[in-house]
Each structure stands twice: as C-alpha cells, then as structure tokens.
Amino acid sequence: MGVFTVLTRCIVQPLSVVDDELVPKVGMTFTTLEDAGKFYRNYAKAAGFSTRVRCTNRKGNEIKNQLITCSREGKWKSKISPTEKTNPTAGLNCPARIYIHTLKDVGAWIISKVVLDHSHPCCPNKAEMLKQHRELSMSIRRTIENNDEAGIRPSKTYQSFVAATGGHRELNFIEKDVRNYITREVRNVSEQEDVKEFGKYFLRMKEKNPNFFFELELEEDQSIKLAFWADARSRAAFEYFGDVISFDTTYNTNRYNLVCGSFVGVNHHGQSTLLGCSLMKNEEIESFKWLFQCWFRCMGGNAPKGFLIDQCTSMKRALEACMPTKVHRWCIWHIMKKIPSKLNGYKGHADIEQEMSHVVWNSHSKDSFDRNWNNFLLNFGLADNKWLSDLYKDRHIWVPIYLDHHFWAGMRSTQRSESMHSFFNKYITRNSSLIQFIKQYDNCLGSREQAERESDAADFHTVIPCATKSSIEAQFQDAYTHAKFREVQAQFRGKANCITRLKNFALGYSVYEVGEQVSSSIFNKFAVTYDSVVAEVKCQCLLFESRGILCRHALSVLSFEQVSQVSPRYILERWSKKVKRRHTHIKSSHDEPLMEPRSKRFDQLVFRSQNIYEFTSESKELTAILHRAYDNAMAEMEALKAKRKGTSSLSHEDANLESVNELQSRPRIRTRGRPKNMLGSNLEKQIANATKKKKTKVLSEINLFDAALAAHSNCSQYQGHVINYQFRVPAAGDNSLGV
C-alpha cells in the first residue's frame, strides 16, 4: 500500500502525440539488441526526449537483459556547493523506460516492460538539439577531417554546412559537435601513441620510396632528442638548388617544445623549396653539429657553397666545425632589426639607425665600408658600444660588400626559412601533436611542388614579351624562367636612370663610370669594367655575382659598347627553363591518411559517384533511372547484410592488413574459483541452491515494483537494484619504434 501512495503523489506529464507504429509495447520482438535500442531511440526522438542504457546483465559473455531509461532518470547531486558554482543537471527521477530480455529458444529479443510517461515535459521540436539525436554522418565527418588538415577553422567548416543545406535548422548537429569531433577524434592523440606514429610515419615513407632519409637520436628513456628527415624529391632537388641554403629555427610548433629547423633552397623560379626538416630538444652546439652532419650525409656529402643562418653563436660554431671551407653568412635582416632595441638609449637614435643602414648598404668596397663605419662611430659617439664593436669584428659574415662576390641566389636573410615556419604557424600551435606537424609538413612539401609545377607549365606554354628592342633581352627571354626574366627586364628599365661615361681605355680594356639617379638629389656612381677581348663585364655593385642577374649598370655599358649578344657565362643554367631536372619526375612524399577501411571505401564511392550525379542531373528522366537503380541496389544490399549477420571467418587466402586491423579482442571474462563443470561437495551445492532462491525472490520483488509503475504510469521515486559490471580492458601492447 505504501508503494502506491508514493506513486499517486507524482506529477504525470502527458505524452506527446507520436505515431502508434513508433510507440514501444510489451511483447514487441527484435532480431538483435541493437535493433531494439535503435527502435527506442527513434521513438524518443519523435516523443522529444533522449535515452540511456541504465544497466546490462550478462551471463558469461552473453547479454541476457537490458534496461533502457529516459536520460533524465536518476538524480545527480554536484559535489560542489551551489553557493560556489551551479551546474545544470538533467536528472529528475524520470520513470520512463523499457526492459528487454532475450528469448532463449527463439534467439530474439522481446520488450517485457514499458513505462511511457515522464516526470518532465517532452518537446519533439527540441529533440534534435539533444546530444543523443545530434549525429555526424560519414560524409560530414570526412569533410571535417579534410578541412581540419587543410587548416580551415571549425567555425568556417560549420558555416559551409549551413550554406550547403540552406540553414541551421536543416542540420542535425551544432557547431559544438564539429569542434568536439576535431578535439576528441581527429586531434586526440596520446603522447605515447603520438611518438610511435611519428616513427611509423618514417617507416611508411621509407617503404614508399627507399630514397626517403631519416635519422633519430633518442634519450635514455627513448624519448626524441633529435630528428631529421628529407624526402626523395628534396634530395634530388638538392642536385640543382643546393648551392645556397638557408637554415633557421623556430619554437611553438608542438606540445613537446621541440625546436623546428628547416633547410630551404631557391629553385629556378626564385621560389623557396624545402630540402630537409628537423626537430631538436635544444639549440646547443652538439645538437647543431649532429644535425648538420646528418644533413651533410643525407645530401651525399655535398656541402652547399653558401650557408645562411641566424645570428646564433651555437649555429656558427657548429657550421665552422662541420663545413669549415664553405662560406657562412648571418641573416642581415635580423641584425638590422635589432638596431632600435640596441641603440634606443642614445640621443638621436632614429638618425643613428638611418646612418648605419646607409653605411651597410651603400658601401661599394671594403675600404669604403671601413672608412664609413669609423666615421659613423665617431660622429655619434658610439666607439665604446660593445654590440657595434662585436658586429664590426664579424663584418665578414654579414656586411654585403664582404659577401656579395659569392653567389647567394638573391638571398641575404633567412626569411625564406621563416616563411616556411609561418606556413606551419597557420595550422600548428604549441599544443599540436607530432602527427599534426607531419601532416602540415607534407602539405608544405606538396604546395611547394605544385607551385613549381604551375610555374614550369607557364614557362612552357606562354612567353613574356620583350620590353625593348635589345637582342640581349631576347637572349634572356629565350633562356630564363618567367620569374627571372622579369628581374632582367627590371634591370633593362633601370637603364633609363643611368648615365654612362668612359673613364679609361687601354688595349680593349675599358673602365666606365655609371651614374644612377636614385632620387631628385641623389646620384650613385659605380665603376664598370669591360674587356672586349674575352667579352667580360664587371660592375662594382656585384649584382650578377650575388644574384646571377646582369645589373643595369653593366647593361648600360654593353649598350654603349654596342654589344648585341652577351657571353654564355652571363646566362646561368641555374635560372634556365630549358634544363630537364631529375627531381621534377619524383612526387613529394605525402603520407596517406590513416583511415579506417570504412572511411576509405566511403571516399572511393563518393569520388566515383560525382560523375554519375553530374551526368544524371541533366534531366528528370535520367534522375528517375538513378533513383530506381538506387532502390534496387539498396534492397539487394540490405538482403545481403541480413544474410551475413552472425559469424564470419578469415582465411589465409583473403587475409590482408586491412582485414587484420579489423579484428577485435574478445571481452575479458572474469573467472571466480573453479569452473562450473568441476565436481563439488553436497554442502557447496546446498549453498548454491539457497543463493539462487534468494536471488529469484529479489527479482520477483523488482518485477512487482515495475508492474506497479506500468499500471500507474507516474513515478519519480523509483529506486531499483542496479548491478554494475565493470570490465577491465587489457592495455594495448607496446609497439614503440626502436631506431
């Protein structure tokens, strides 16, 4: 009597109007437990609530029965005091539920108990906002994954779905679901698995192309200390573009605070090209030594002619130890950028910065630089400044006039390396995993390859017209890539500001003074020599020596000398569009996405179906044919799927990596004492029978209680006996990569 008294005090919420076919009823049978759960979820969505599995009873490895309730069943109480923080709670002791159990003889599942009424209002219009009924389809998930890899923000991805469907209401998910999927599924990589996948990536790349190079140095605890890798295309490109290399490091590229370093060269279009990448735990001398020696071996023991680095003492000493005979250069941009912070304390620091820049850039000989530098220090009282004194001691590795007689492919700073890092920084943060970093590195390789292919195609199919009637310009037009020919044309246009005057002549050797008007009041003068015997022209500005492009001053002298064709030595193969380069036939190593087999099959189907959709969308008749074909195919596939339900086998004849990866471990079974088939004493049997009777009595009481609930359909005080089974999942085997 007490039970029914409690029931009458509950407030009954009327059920929403739902199609009778969707309403669960006692006696309904289903082929599988999954089908029964899906049926109740569909009803819940139509009625305006969500469900959850309250308890599942098993016998050994088999499920015997399951209780599915409204998600607002129970009463959750926060451990935090409401005065400190109030969190929303869904628990309202809702009695709505179904009870499902198996039929032994039939092999089906039957609903034995149903409670339809709730202790709270239900709204079908808001059901689609409940978490259980929000769903990301396979197509949506694949689009999210691809967009995330491409660096598209989740908000933009979600807005693209909204635009494609015609509004927010047409989607059965919200923006938060997109963000959660990226965080939990796409980027959720444990640190242990992250490092393992990092090593597996190298092995996959090595398997795809044996010329892929990588080396790792590990700590005693097997964590990564140093890593370097270069794909086969980069190694082949070094043969043509490895004469000048820029190397720079940057932080904030991964969650482990590993320093990223990139080796960057310049191709025949003047574009940056990646020639290797590294990760380092620190920037000590020994770390750089290991890295430079590793890169040196990777490139077949061929050191570049010039090496650009940041103003870093560790880098400098490591390079001097590894490549002592090569020319090293500090990034002048970094040095000039430090002027304000180093000289801000001096009066008139703006004038100091301007004068120092003038001395550095406009000294056209070593003697003139030394003279101008000393005058600069005296005029501003900077003779005792240690920073400037140290810079002067190292002038041979950063001042242009000391270095421009070497070829630098137009590089004076490490900004090309930094531009690569800026590419990474668009998509990589301090919390990014190594797997994310590798994906973006692959994307960077691919984008560099594509840019070169596009420029090669433009050079082959188009011609930039000459700006003048000069036959020398036509020479460069025929030989150089579009990008480099435009640089040549810029020098031809600059000839208009030059005035050429012969200063000296003897036995075919002429000395000219070329005055260039830089502004209305500034004229720069350059000494240019021309040897008519060997057809050699040299300018004091050293543009050709450093960039491989004849300067306007030299072109003015050649025009004055009425030279119609320049010597082949001035048409560098380095910038030629006619050279067939081996690396162009090698595809950059791009890792294939590690997708589950179903995702791969889905992508293949989507790719093939696009042509079908484009063809059939031309008319209603074709569309109707496709619809009929789809209906027939769906019926056939559903029949096959129903037929295949049950056991399956895997033989050595059809086994492959994909099928093996799909194998699942059997649930772990807890064993208690001896197996049941072993003989026991009479006392043990009596104890077992008594326990069984007691358990049957408890279950009968629960059934009476549920029957009362079904009869009155209004309870918020249900307290059932719930048995929680905890299954321990065995830890995955350690498959770390030893290198």
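Visitor: In which hand does H8 pass H9 in a crossing?

Guide: A crossing is left-handed if the near helix is turned anticlockwise from the far one by less than a right angle, and right-handed if clockwise. Here H8 passes H9 in a right-handed crossing. Helices (H or I, at least four residues) and strands (E, at least two) are DSSP runs, numbered from the N terminus. This is a predicted model, in which local features need pLDDT of at least 70 and side-chain atom pairs count only at pLDDT 80 or more, while totals for chains, interfaces and linings use all residues. Residues are numbered from 1 along each chain as its sequence is written, and side-chain values use heavy atoms, with hydrogens and water left out.

Visitor: At what angle do H8 and H9 pack?

Guide: Two packed helices are described by the angle between their axes and the distance between the axes. Axes are lines fitted to C-alpha atoms, for helices over the stretch in contact, and angles run from 0 to 180 degrees between N-to-C directions. Helix H8 (residues 285-298) meets helix H9 (residues 313-322) at about 45°, with the axes 8 Å apart. H8 is therefore oblique to H9 (under 35 degrees is roughly parallel, over 145 roughly antiparallel, 65 to 115 roughly perpendicular, the rest oblique).

Visitor: Is Gln440 buried or exposed?

Guide: Buried means under 20% relative accessible area, exposed over 50%, partly exposed in between (1.4 Å probe, protein chains only). Gln440 lies in helix H17 (residues 434-461) and counts as buried because its relative accessibility is 5%. Its C-alpha atom is separated by 7.5 Å from that of Glu149, 291 residues apart along the chain.
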